[in-house]
Amino acid sequence: LNISFPAVSWSFEQMNALPLNAPFPAYKALGNKSAAVTLTQVVGDAVGVSFYDGIVYIPADSNAIYAVNAYNGKLIWVATTANSVMSNPLVIDTPKGPIVIVSVGDAGFSASHGLFAAVTGNFQNVKRGYSYGAVYAFNATDGQLLWVHFDDGNVMPTPAYIDGLIIYGDGSGHIVALNATTGEVVWRTYVGVSAFDSMSSTNYYIFPNGTAIAIMGFTLALPPYGELVAVNVANGHIVWKFTLPKGFTPFNTGMGDVSPAVDQKNGIVVQSTIVNFIKSNHTIGFAVFALNATNGHLLWIEQVGRGYVPPAFKGGVPLIYNGVVYVGSPVTNTIYAINEANGKILWEAKIPNVQGPPEGAGGGRANPVIINGYLIEPAGGYIDVYNATDGMLIKSYYVGGRFGIVNAVVVGNTVFV
C-alpha cells in the first residue's frame with residue numbers, strides 16, 4: 001500500500017506458538033519435507049496477513065483470526081472459527097463500519113468422499129474438506145461475530161468482494177455468492193462432477209460494458225483433471241471454462257490450488273499448474289499459461305521446467321506487473337519472470353536456502369510482491385529480495401519457521417509477513 005506508514009519492527013506470538021528456531025514437529029517420523037507442510041497446514045499460518053486502517057489481520061490454522069495493532073504488535077481482538085483460516089482476511093468498508101471476512105476449511109478428504117468415490121466410481125461424492133467449511137463476517141473493530149455461513153466442503157480459498165457479493169469456490173464443486181451484509185446465499189453454481197476448489201482464490205475481470213465475471217480454478221478427479229472457470233457475478237451463469245490443450249495434462253490438485261492473476265487493462269488471465277506426470281521417473285512439469293479474459297481462449301502456454309512433485313500446494317501464485325508475469329515454482333524451486341505477451345522467460349532465479357523436491361518441500365508458492373524495483377518472496381524460513389529487472393538476489397533475511405503460501409504485505413516503510 002502506497003500510504004504513509006513508519007518503519008516498525010515487532011513480532012506477535014499466537015496461541016500455541018512454536019519457537020521459530022525449533023525443529024519441525026514430528027520431523028523424525030515424517031521427514032523434513034512432510035513435517036514442513038504439516039506444520040504449515042495444521043498449526044502455522046498458511047497464507048499472508050491483511051492490513052486496514054492501522055490494523056493487521058492474521059489468519060491462523062489454529063482456528064483463529066487475530067487483529068493486531070500495526071504500529072506495536074499488541075493484540076486488539078481474537079476470534080475463533082470452526083476450522084483453519086487459510087484465506088487472506090478480506091476487509092470491507094460498509095456504511096455501518098468495516099467488516100472482515102474470512103473463510104475456513106481443511107485440505108483433507110473423508111473416507112466417504114475419497115475412498116468410497118474411488119471404489120464405487122461415483123465421483124459426484126468427491127469433496128475436499130473432512131471438517132467444517134464456512135465463511136465468517138466479523139466487526140473489524142472489535143471482532144464481534146456478525147454472521148456465519150456453513151458450506152459443503154472446504155472454503156480454504158480467499159473470496160472476492162464484488163458488487164456487494166462475497167464470491168468463492170468450495171470443496172464440493174460449487175461457486176457461491178453470499179450477500180455481504182447478511183451472509184445469505186444469492187446464487188450457487190455447480191461446476192461439474194468430481195470438481196473441487198482447493199486453494200484457488202477468486203479473481204475478477206470487468207468487461208467494458210460493466211459486466212463482471214469471477215474467475216477461479218478447480219481440480220477434477222476425472223479427465224480433464226482441471227479447469228479454470230468464469231461466472232457472471234450477477235447471476236452465477238458460467239461464461240466460459242478453460243481446460244489445458246493437447247500435450248498438457250494437469251496433475252493432482254494443480255489447477256484447483258493456484259489463484260489466477262488478472263490484467264484488467266490488457267484483458268489477460270494467468271495461472272500456473274503442474275502438468276505431465278511421468279510415472280517411470282516420478283517427474284512433473286511446471287506450466288504457466290495466459291488466457292483472453294473475455295472468452296477464456298488460450299493465448300500461450302509454456303512448460304518452464306521439470307522436477308519432482310512438491311507436497312501440499314502444487315503451484316505458484318502469479319503476479320502481473322508492467323507486462324511481466326512473476327511466478328515461483330515449488331517444482332523447480334525457482335522464481336521466473338515471463339513476458340506476459342508471449343510466455344517467453346525473461347529471467348529465472350533459484351530460490352536460496354530452500355531444498356526442493358524430492359528431498360524438500362520447495363519454495364515459490366506465494367505471489368511475489370514488487371516494490372521500488374525489488375521483488376519480495378518469502379520461502380522456507382527466509383524473506384528473499386531480488387532485483388525485479390534481472391532476478392539477481394539482493395539479500396535473504398532469516399526469520400525462522402517456514403513460510404507456506406505467505407505473500408509479503410508492504411505498507412509504507414514496513415513489510416508484514
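Modeller: Some ground rules come before the count. This is a predicted model, where local features need pLDDT of at least 70 and side-chain atom pairs count only at pLDDT 80 or more, while totals for chains, interfaces and linings use all residues. Residues are numbered from 1 along each chain as its sequence is written, and side-chain values use heavy atoms, with hydrogens and water left out.

Buried means under 20% relative accessible area, exposed means over 50%, and partly exposed lies in between (1.4 Å probe, protein chains only). Strands (E, at least two residues) and helices (H or I, at least four residues) are DSSP runs, numbered from the N terminus.

In a regular strand the side chains alternate between the two faces of the sheet. Both faces of strand 2 are covered. I55, Y57 and P59 are buried on one side, and V56, I58 and A60 are buried on the other.

Strand 2 also has partners. Two strands pair if DSSP finds at least two bridges between them. Strand 1 (residues 50-52) runs antiparallel to strand 2 and is joined to it by 3 bridges. Strand 3 (residues 64-69) pairs with strand 2 in the antiparallel sense over 6 bridges. P59 has I65 as its bridge partner in strand 3. In this hairpin, 3 residues lie between the strands, and N63 has a positive phi near 60°.

Y57 belongs to an aromatic cluster with W77, Y132, Y136, F138 and F150. Rings of Phe, Tyr and Trp (its six-membered ring) pair if their centres lie within 6.5 Å; planes under 30 degrees apart count as stacked, over 60 as edge-to-face and the rest as tilted.

The next stop is an open sheet of 4 strands, in the order 5-6-7-8 with antiparallel pairing. Strand 5 (90-94) and strand 8 (145-151) stand at its edges with a single partner strand each, so one side of each has no neighbour in the sheet. Inside this order, strand 6 (residues 97-104) and strand 7 (residues 133-139) are joined by 6 bridges. S103 stands opposite V135 in strand 7.

The whole structure holds 17 aromatic pairs. In one of them, the rings of F251 and F277 have centres 4.5 Å apart and planes at 15°, so the pair is stacked. F251 sits in the loop between strand 17 and helix 3, and F277 sits in strand 19, 26 residues apart. F251 is partly exposed at 25% relative accessible area, and F277 is partly exposed at 29%. Another pair, Y326 and W347, is tilted, with 6.2 Å centre to centre and 50° between the planes. Both Y326 and W347 are buried. W347 also has a strand partner, being the bridge partner of A337.

Nonpolar packing is the last topic. In soluble globular proteins, nonpolar side chains tend to be buried together. A nonpolar core here is a set of buried Ala, Val, Leu, Ile, Met, Phe, Trp, Tyr and Cys residues joined through side-chain atoms within 4.5 Å. The largest such core has 19 residues, of which I215, L228, W240, L244 and F289 touch the most other members. Strands 15 (212-220), 16 (226-232), 17 (238-242), 19 (268-278) and 20 (283-292) each supply at least two of its residues. Strand 20 gives the largest share, 3 residues. Contact means heavy atoms within 4.5 Å. Leaving aside neighbours within four places in sequence, I215 is in contact with residues including S201, Y205, L228, W240 and V269. A second, separate core has 17 residues, among them A177, A212, M216 and L220.
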